[in-house]
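My entries follow in the order I made them.

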Amino acid sequence: MTEGDFQLPAPLAGRRIVVAMSGGVDSSVVAALAHASGAETIGVTLQLYDHGAAVGRTGSCCAGRDIRDARAVCDRLGIAHYVFDHESRFRDSVIDDFADEYLAGRTPIPCVKCNMGVKFTDLFRLARELGADALATGHYVRRVIGREGAELHRAADPARDQSYFLFATTQDQLDFLRFPLGGLPKPRVRALAAELGLAVAGKPDSQDICFVPDGDYAGLVKKLRPEADTSGEIVDLDGRVLGRHRGIIHFTVGQRRGIDIGGQAEPLYVVRLDAPRRRVVVGPKRALAVAAARLTDINRLGGGHTGPLTAKVRSLARPVPARIEGDRVVFDAPEYGVAPGQAAVLYDGDRVLGGGWIAETEAALAQAA
């Protein structure tokens with residue numbers, strides 16, 4: 001087996017690789033690749049939650065059945081496997097933050113918060129305590145050695161690229177991380193799992209948010225923050241009341257369904273959420289156009305880059321031409337679907353330059369006026 005590059009000095013027989021194992025096919029294949037390289041391989045799984053239907057649900061991670069799957073893979077490979085209970089930390093730093101962000105009218109990205117916290121902080125500490133030379137994960141991104149050291153690049157397969165979710169990775173973390181699947185297409189990864197006889201070869205990919213088993217985000221927020229289910233006004237861009245809603249947690253910027261306001265000349269979209277006044281502000285699609293966004297907690301991986309760049313404001317969006325002016329990302333052309341709480345990730349071609357959290361947006365209509 002030649003796939004997968006752990007970017008460690010040879011011979012790997014004298015190296016130790018810790019693999020972050022979620023119980024899915026991707027991290028399982030990483031463990032198999034590490035083991036086949038000759039390095040001592042240790043699988044580590046963080047138990048992050050274990051509530052209700054999530055315990056038996058396929059397509060999740062880091063709970064119930066997924067932990068058993070990770071252990072079975074390690075048994076099949078003949079490598080050590082450790083499980084660490086991090087439920088409390090995950091609840092405080094990811095689940096509670098998710099609820100609070102929705103309550104504040106923002107659109108959270110819990111996968112980034114998880115990577116920033118329990119995965120790329122706690123796992124790092126555990127891996128180093130185990131004397132590892134590297135921490136390997138199943139993320140579809142590439143670690144490329146450039147003139148000034150390790151760089152983070154988009155995956156070779158654009159359909160699988162996960163670089164958007166890793167924009168907050170620090171240089172110190174990147175020096176220790178390895179992503180051996182970044183150059184492989186997903187079908188090849190599943191084929192490798194089948195060739196190795198791993199029972200997870202046909203396991204479905206993770207869907208939605210791991211700790212929301214039924215996809216009912218609003219239901220989870222309401223359970224954690226009962227005050228979130230408070231009705232309020234639906235207003236137009238001028239503040240005129242058009243109707244009422246049953247709670248801002250049921251809405252996100254750019255949403256069209258569920259507004260239920262008839263008799264308008266144009267379809268209405270959610271333009272912004274006014275959490276303090278519990279208002280949902282709606283308008284025509286053109287009102288969603290954004291000229292710029294102010295960023296907070298900016299992470300820079302690109303050093304002193306000054307040339308052209310592109311910005312990606314949603315995980316499934318295409319990077320678009322933009323420029324950085326202080327703490328603002330300014331788009332060359334109006335961009336849609338830009339929501340506070342999401343991230344703006346910056347690229348130089350395939351290389352990730354970093355990014356930041358979108359705190360507020362500047363409407364293109366306002367600038368035109």
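**Entry: Phe-6 and the segment around it**

I began with the contacts of Phe-6, taking contact as heavy atoms within 4.5 Å. Leaving out residues up to four places away in sequence, Phe-6 touches Leu-12, Ile-17, Val-30, Leu-33, Ala-34, Ala-136, Arg-178 and Pro-180.

I noted the basis before going on. This is a predicted model, in which local features need pLDDT of at least 70 and side-chain atom pairs count only at pLDDT 80 or more, while totals for chains, interfaces and linings use all residues. Residues are numbered from 1 along each chain as its sequence is written, and side-chain values use heavy atoms, with hydrogens and water left out.

Phe-6 sits in the segment before strand S1 (16-20); helices (H or I, at least four residues) and strands (E, at least two) are DSSP runs numbered from the N terminus. Its relative accessible area is 4%, so I logged Phe-6 as buried. The classes I used are buried under 20% relative accessible area, exposed over 50% and partly exposed in between, with a 1.4 Å probe and protein chains only. From the C-alpha atom of Phe-6 to that of Ile-17, 11 residues apart along the chain, I read 8.8 Å.

Gln-7 is partly exposed at 26% relative accessible area. Pro-11 belongs to the segment before S1 as well, and the peptide bond joining Ala-10 and Pro-11 is cis, with omega about 0°.

**Entry: Thr-41**

Which residues does Thr-41 touch, not counting those up to four places away in sequence? I listed Ile-17, Val-19, Ala-31, Ala-34, His-35, Ile-79 and Ala-80. Thr-41 is in strand S2 (residues 40-47) and counts as buried because its relative accessibility is 5%.

I then checked the side chain of Thr-41 against the backbone. A polar atom of this side chain lies 3.4 Å from the backbone oxygen of Ala-34, and the side chain reaches the backbone nitrogen of His-35 at 3.2 Å.

**Entry: cores**

For a nonpolar core I took buried Ala, Val, Leu, Ile, Met, Phe, Trp, Tyr and Cys residues joined through side-chain atoms within 4.5 Å. The largest has 50 residues, and Phe-90, Leu-135, Leu-152 and Phe-211 have the most contacts inside it. Helix H4 (residues 110-129) gives the largest share of this core, eight residues. Another core lies apart from it, with 31 residues that include Cys-74, Tyr-140, Val-189 and Val-200.

**Entry: two loops**

Where is Leu-316? I found Leu-316 in the loop between strand S13 (309-312) and strand S14 (320-325). With a relative accessible area of 84%, Leu-316 is exposed. The C-alpha atoms of Leu-316 and Ala-159 are separated by 9.1 Å, at 157 residues apart along the chain.

Arg-278 is in the loop between S10 and S11. Its phi is near 55°, positive in a residue other than glycine. I have Arg-278 down as partly exposed, at 41% relative accessible area.

Notes
A polar contact is a pair of N or O atoms within 3.5 Å; within protein, one must be able to donate a hydrogen and the other to accept it, and residues adjacent in sequence count only if both atoms are side-chain atoms.
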